[in-house]
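Visitor: I am new to this structure. Please show me how to read it.

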Amino acid sequence: MIKVKLVRSRIGSLPKQRAVLDALGLKKIRQEKQFKDNAAIRGMIAKVSHMVEVTE
């Protein structure tokens with residue numbers, strides 16, 4: 001399991017990046033979600049790596 005935390009605002013981000021954050025369920029700053037560690041989730045995190053913090 002990995003924890004993903006939104007640490008930067010969605011304001012000013014690209015629409016595709018906002019769509020990825022929506023798919024991850026991250027809407028507010030400092031909101032955290034847990035996911036199973038798989039390639040699909042890792043790919044989504046890679047798209048918004050500058051906005052999230054990952055804890056394993």
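Visitor: Which side chain meets K27 in a salt bridge?

Guide: Side chains of opposite charge can pair when their charged atoms come close. A salt bridge is a side-chain nitrogen of Lys or Arg within 4 Å of a carboxyl oxygen of Asp or Glu. Here the side chain of D22 meets K27, at 3.4 Å from N to O.

Visitor: What kind of model is this, and how are residues numbered?

Guide: This is a predicted model, where local features need pLDDT of at least 70, side-chain atom pairs count only at pLDDT 80 or more, and totals for chains, interfaces and linings use all residues. Residues are numbered from 1 along each chain as its sequence is written, and side-chain values use heavy atoms, with hydrogens and water left out.

Visitor: How many salt bridges are there?

Guide: The count comes to five. One of them pairs R10 with D22, with the closest N and O atoms 3.1 Å apart. That pair links distant parts of the chain. R10 lies in the loop between β1 (2-6) and α1, while D22 sits in helix α1, 12 residues apart. Helices (H or I, at least four residues) and strands (E, at least two) are DSSP runs, numbered from the N terminus. Another salt bridge joins R42 and D37, at 2.8 Å from N to O. Through shared partners, R10, D22 and K27 form one network.

Visitor: Is R10 buried or exposed?

Guide: Buried means under 20% relative accessible area, exposed over 50%, and partly exposed in between (1.4 Å probe, protein chains only). R10 has 18%, so R10 is buried. D22 is partly exposed at 35%. K27, at 56%, is exposed. In the other pair, R42 is partly exposed at 33%, and D37 is partly exposed at 41%.

Visitor: At what angle do α1 and α2 pack?

Guide: Axes are lines fitted to C-alpha atoms, for helices over the stretch in contact, and angles run from 0 to 180 degrees between N-to-C directions. Helix α1 (residues 15-24) and helix α2 (residues 39-47) pack at about 140°, with axes 9 Å apart. Angles under 35 degrees count as roughly parallel, over 145 as roughly antiparallel, 65 to 115 as roughly perpendicular and the rest as oblique. The two helices are therefore oblique to each other.

Visitor: Which residues make the contact between α1 and α2?

Guide: Contact means heavy atoms within 4.5 Å. From α1 come Q17, V20, A23 and L24. From α2 come I41, M44 and K47.
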